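Have the viewer open and follow along.

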Amino acid sequence: MNGFFAKLVLLAALPLAAQAGTCSRFDAKNSTAYDPAAKKITLPWRTDYPASIPSHPAYSWESISFKTSWRRYTDAVLKDVRDSGINIDSAGKIRMPAGSPWWIAPWMDYGSNGRERINGLTKERSPDPLDLSPTSPGGFDVWAIGWYNSEGAVGLGKVFADPCDPVLPARDAAGLKFPDKTVSFKMLFSNATGLDYLDGAPTVLAKIDKNSRAKRLKLLQVDIAIRDPDADETDWVMGTFIWKGPARGDGFLDNLVPVGLMWGNDPNVHDATWGAWAPIKQSRINKDLAGVLWQGAPGSWLHRPFPGFQGRLNGPADNMRSSCLSCHALAQWPRNPTLGIVPIYPVGPNGPQPPLSEADIEKNVSDYFRNTRGGDLVDPTFPARPLDYSMQLEAGLTRMCQACKEGKLTGPTPKLCAEAPTRYRVTAPACDLPLLRRVFMNRIEDDPPRQ
Ligand code: HEC
């Protein structure tokens, strides 16, 4: 082929050439990550999910027992993250060497909380007043990005073999399971000010508001999730770190201090007083952080008596009424309307410590703090498909169906959208925005699952 024709063929192919793992029927211009100056999405993150797990050295955590050596285990997971060369440059961009074995989940770049264009962060729950410190006001934002390792990427690749029409195992078949040794880590950043422990924390630049300039956000928390064959009650081990100043080294991960690790929800373990610690055995908590992330001296910081409910693990950015595993176990398609993402409580005179009877607390614990195996549903009486603790999968599917409903994804309706949560459900055979809605309103009020 001569040069002219080669160019012509190349040009003709361009509009169709979607990035591997992304849907070609979704115009990049409708992505929240679209950069108008570059006229494309410039995020460097991988979505070229491998079909099989590439051979790699054993992970550092594999030989360590999380039950007996939780600190060594969390450090080992972090070491693997660090060894992959992740960094933040002076322009506030997160960098990884090309070809690093970490992939992002698809379809999270749509809607009002979709991935922003500089680093690919998505909006998380905004912490309540007094969540982050005894004096922190509310009104701050938290934005985050998470990656999966090669095992996780194989899991994502199976679901998104056709990125325009993902598939999950049938409802009457065994539920979706990521391969063993799937690891995910997630970095959470915030514009919260006045937090002593974030003095000197590294910052990223994020375009979190369409109408104003990009803003600097500080690294607040790093979450890890490991599908560990030794976690025989839930299949998952989850842990978290905070960034704690003053800065100790050049490496931006050098200041991470483990908050804790959990591998179960301690079903039925509760204390009759809402704000007390119950005798929890399946979470390990770094007690040095009492007074920093939750109540120190008795009677102080009444708002936040514990990291997660009654001494289970959660990070500072998370809702203390839940735990890492209780919230993630509820990742499913569609969500069960009677079992929300976190228990809702009446607000009592002591702020969020509600005036609940012991029976109410017991009920809440038995509803939310169960131990559910990956691939099972927390409440099997509600017809849904489990997503094996992957909230990003749930958030991505939700946004994909929103894009279809709003006519931004074009062509045949993805099959899973017929089962989407009610407001994102599409039963029509093709994606489209109905004429009436096109005229009066072109957006569903946005509410994908959030922390
Ligand atoms: C109340 C709900 C909730 C709680 C509590 C929670 N998460 Fe998540 N998590 C989410 C949602 C929603 C997402 C997906 C959205 C996103 O990544 O922005 C997510 C994403 C993640 C991811 C990326 C992979 C995935 O599963 O989607 C990791 C890893 C993670 N969380 C770990 C943790 C850890 C560790 C804790 C506890 C310290 C925790 N989470 C507490 C809701 C929660």
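Which strands and helices each supply at least two residues of the shell around the ligand? They are strands S7 (183-190), S9 (215-227) and S10 (236-243), plus helices H4 (324-328) and H6 (391-405). Keep in mind that this is a predicted model.

**Around the ligand**

The shell around the ligand counts 29 residues, and those that come nearest are Glu 124, Cys 324, Cys 327, His 328 and Gln 392. By class, that shell splits into 12 nonpolar, 12 polar and 5 charged residues. Here are some polar atom pairs between protein and ligand.

| Residue | Protein atom | Ligand atom | Distance |
|---|---|---|---|
| His 328 | polar side-chain atom | nitrogen | 2.8 Å |
| Met 391 | polar backbone atom | oxygen | 3.2 Å |
| Gln 392 | polar backbone atom | oxygen | 2.7 Å |

So what does His 328 use here, and what does Gln 392 use? His 328 puts a polar side-chain atom 2.8 Å from a ligand nitrogen, whereas Gln 392 has a polar backbone atom 2.7 Å from a ligand oxygen.

**The core and helix H6**

Now for the greasy part. The largest nonpolar core has 124 residues, and Ile 86, Ile 94, Trp 147 and Met 187 touch the most other members. H6 gives this core its largest share, 8 residues. Have a look at Trp 147: leaving out residues up to four places away in sequence, its contacts include Trp 45, Trp 102 and Trp 103, along with Ile 86, Ile 94 and Met 187.

Most of H6 is covered, with 14 of the 15 residues buried. Just past the end of H6, Gly 407 takes a positive phi of about 75°.

Helix H3 (residues 150-159) is another well-covered piece: 9 of its 10 residues are buried, so the rest of the structure largely encloses it. Among the buried ones are Ser 150 and Glu 151, as well as Val 154 and Leu 156. The cover over the buried residues of H3 includes strand S6 (142-148) and, once again, H6.

**The loop between S12 and H4**

Asn 286 sits in it, between strand S12 (283-285) and H4. Is Asn 286 buried or exposed? At 3% relative accessibility, Asn 286 counts as buried, because the cut-off is under 20%. Its side chain makes a 3.1 Å polar contact with the side chain of Arg 71. Beyond its sequence neighbours up to four places away, Asn 286 touches Trp 70, Arg 71, Val 257, Pro 258, Val 259 and Trp 294.

Pro 307 is in that loop between S12 and H4 too, and is buried at 1% relative accessible area. Its contacts outside four places in sequence include Trp 277, Ile 285 and Trp 294. Pro 307 and Asn 319 are 12 residues apart in sequence, with 8.4 Å between their C-alpha atoms.

Gln 310 also lies between S12 and H4, and its relative accessible area is 0%, so it is buried. A polar atom of the Gln 310 side chain lies 2.9 Å from the backbone oxygen of Thr 273. Other residues in contact with Gln 310 include His 270, Asp 271, Trp 274 and Trp 277. Its backbone is worth a glance as well: phi is near 55°, a positive value in a residue other than glycine.

At 55% relative accessibility, Asn 268 counts as exposed.

Where are the cis peptide bonds to look at? One joins Gly 245 and Pro 246, with omega about 0°; Pro 246 is in the loop between S10 and strand S11 (256-262). Another runs from Trp 333 to Pro 334, with omega near -10°, and Pro 334 belongs to the loop between strand S13 (332-333) and helix H5 (358-368).

Last stop: Pro 429, in the loop between H6 and helix H7 (435-440). Pro 429 is exposed, with a relative accessible area of 71%. Apart from neighbours within four places in sequence, Pro 429 is in contact with Pro 412 and Thr 413.

Methods: Residues are numbered from 1 along each chain as its sequence is written. This is a predicted model: local features need pLDDT of at least 70, side-chain atom pairs count only at pLDDT 80 or more; totals for chains, interfaces and linings use all residues. Side-chain values use heavy atoms; hydrogens and water are left out. A residue is near a molecule or strand if one of its heavy atoms lies within 4 Å of it. A polar contact is a pair of N or O atoms within 3.5 Å; within protein, one must be able to donate a hydrogen and the other to accept it, and residues adjacent in sequence count only if both atoms are side-chain atoms. Helices (H or I, at least four residues) and strands (E, at least two) are DSSP runs, numbered from the N terminus. Ala, Val, Leu, Ile, Met, Phe, Trp, Tyr, Cys and Pro count as nonpolar, Asp, Glu, Lys and Arg as charged, and the others, Gly among them, as polar. A nonpolar core is a set of buried Ala, Val, Leu, Ile, Met, Phe, Trp, Tyr and Cys residues joined through side-chain atoms within 4.5 Å. Buried means under 20% relative accessible area, exposed over 50%, partly exposed in between (1.4 Å probe, protein chains only). Contact means heavy atoms within 4.5 Å.
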